[in-house]
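Hi there,

Here is the structure I promised to send over.

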Amino acid sequence: MALARIARSGLRRSGGAVGSYASQKDFLCEGVSAQISPSPIIRNFTSNGNLDYLSSTNRVHPASFGNRGMRFTVTPQYRFAHSQAQRTELSDSENESTRYPTLGATKPGEKPRVVVLGSGWAACRFLKGIDTSMYDVVCISPRNHMVFTPLLASTCVGTLEFRSVAEPVSQIQTALAKDPNSYFFLANCTGVDTEKHEVFCETIDNGGQNQEAYQFRVAYDKLVIASGAEPLTFGIKGVEQHAFFLREVNHAQEIRKRLLLNLMLSETPGMSEEEKEQLLHCVVIGGGPTGVEFSGELSDFIMRDVRQRYAHVKNYIHVTLIEANEILSSFDVGLRQYATKHLTKVGVRLVRGVVKEVHPKKIVLSDGSEVPYGLLVWSTGVGPSGFVKSLNLPKAPGGRIGIDEYLRVPSVDDVYALGDCAGFLEQTGRPVLPALAQVAERQGKYLVELFNKMGKQSGGKALSAKDVALGDPFVYNHLGSMASVGRYKALVDLRQSKGAEGVSMAGFVSWLIWRSAYLTRVLSWRNRFYVAVNWATTLVFGRDNSRIG
């Protein structure tokens, strides 16, 4: 009996030590899960739509760290299997006894903290220009890189390598990797408490590999919401299950793998001609710049590479572009006609129609006709994300976060929004700007100049910018639009608006302008070198058709 008591006592002591060490180790790995404290503005949301509370909980032991603002308090640690938009309500006694692991508020005499949600065009342009001698910066995003979206379609067929269009956030703003009080957190923001100046976050799910989702909160002096938008599906049945989107690098990787897989499977002995035609039919939904550029790249790939390397099935592969109205509706009429003729000439079939349903191997149009496919790419524009919808903030037409002419969110303090997730409120008398990279970049440039101006006037701290002179409001002037249509042809439309006069041109010279313009817009010299080398390699040796992964 005495020996048993001694053994049990020793086990309890060792278990407590191991539990304490594990909790510290987990916190150092970028976040700790915890229970949400209630707020009228908080909604716990994550985009993949499949999280459940599990009944078991693990208690995290106290630990403290030397870095400024790092607090870690006794917190029940809840594990999730999937994530949905939901509100967590606790009693006052529970709220007092349970807290998030926190990157706490800044203290007097310390630099103000700017929290940036997102790593897209708007967020990264802001991060690139922020004066880190005046501010500490925290970036929270589910990806650690910015995607150069104008060239993303080229990666799907091997014209460019994937790393050529991805720029690490820590290289855009080096303070995130070097400064002791600036951080990058790989996580989704799940809620905002504008009264307490805090954001609530949850780490990403590690690609469905049963990784625990840790929750934490970050206090801010200024909050910049640039979380982007999500593809519009219009509630059409089967789109999310069977179609590929084209907004992220992993989307392009999946499209490339499916395209090459279909090409190789189509050479399997015994496959009928009907099966080959279905498997090698590539359907693109949406006739905007992304859909048109992807169709052009795909036709190039078929004419230059498939016919040489997949000679057995070269006559079965086809591309169909389906659009409800006219393709490239924002471009000049003459350019639209040129694009239509060119795409038809290089083998892209243009169909005017509206998708009603999407099935695993076919789509059904509103007129009842069926279109079989082996690869379906959905590119019909973007709309507000579930996270943006869940926020109790003013909304602009279309559901975006409402902003004024200084990109501030009215009715709350120290919150700004920009990019695809933001739009001007109706009372400003301004139209909601299109979801374009140049809009987001220009807003990021304007806001960072505004922040640097506020910092010089001691307006960086929370609730301290009310008396700061902000200067001129944001004004957007459209610089024009460009789109590649394949086979060394492109469109350049330099009109400032749809009905205005300006230079419009198409052809080989426009293609040179398109490539030169985007090459200079790539953020780093490293990626510019990658892009130039990839283009030269593709021109001389053709595209790589290796299927990896």
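Ile-513 sits in helix 14, which covers residues 508-521. Together with Phe-508, Val-509 and Leu-512, Ile-513 makes a nonpolar surface patch of about 340 Å².

Please keep in mind that this is a predicted model. The average pLDDT is 84, and 81% of the residues score at least 70. Residues 1-98 have a pLDDT below 50, although the model gives this stretch 179 contacts beyond near neighbours in sequence. Where pLDDT is low, the predicted coordinates should not be read in detail.

Now to the inside. Of the protein's 549 residues, 52% are buried. The largest nonpolar core holds 124 residues, and those touching the most other members are Ile-140, Leu-151, Val-199, Ile-225 and Phe-451. Helix 13 (residues 437-456) gives this core its largest share, eight residues. There is also a second, separate core of 16 residues, with Val-239, Val-283, Tyr-373 and Trp-378 among them.

As for the whole protein, the secondary structure comes to 15 helices and 27 strands. Among contacts with a separation of 6 or more, 69% join residues 24 or more positions apart. The protein exposes about 25,600 Å², with carbon and sulfur atoms supplying 52% of that area.

Happy browsing!

How values were computed. Residues numbered from 1 in each chain as written. Predicted model: local features only at pLDDT ≥ 70, side-chain atom pairs only at ≥ 80, totals over all residues. Heavy atoms only, no water. pLDDT = per-residue confidence, 0-100. Contact = heavy atoms within 4.5 Å. Patch = residues over 30% accessible without salt bridge, like charges linked within 9 Å, V, L, I, M, F, W, Y side chains within 5 Å. Areas by Shrake-Rupley, 256 points an atom, 1.4 Å probe, with all protein chains shown as cover. Salt bridge = Lys/Arg side-chain N within 4 Å of Asp/Glu carboxyl O. Helix = DSSP H or I, 4+ residues; strand = E, 2+ residues; numbered from the N terminus. Core = buried A, V, L, I, M, F, W, Y, C linked by side-chain atoms within 4.5 Å. Buried < 20%, exposed > 50% of the residue type's maximum accessible area, 1.4 Å probe, protein only.
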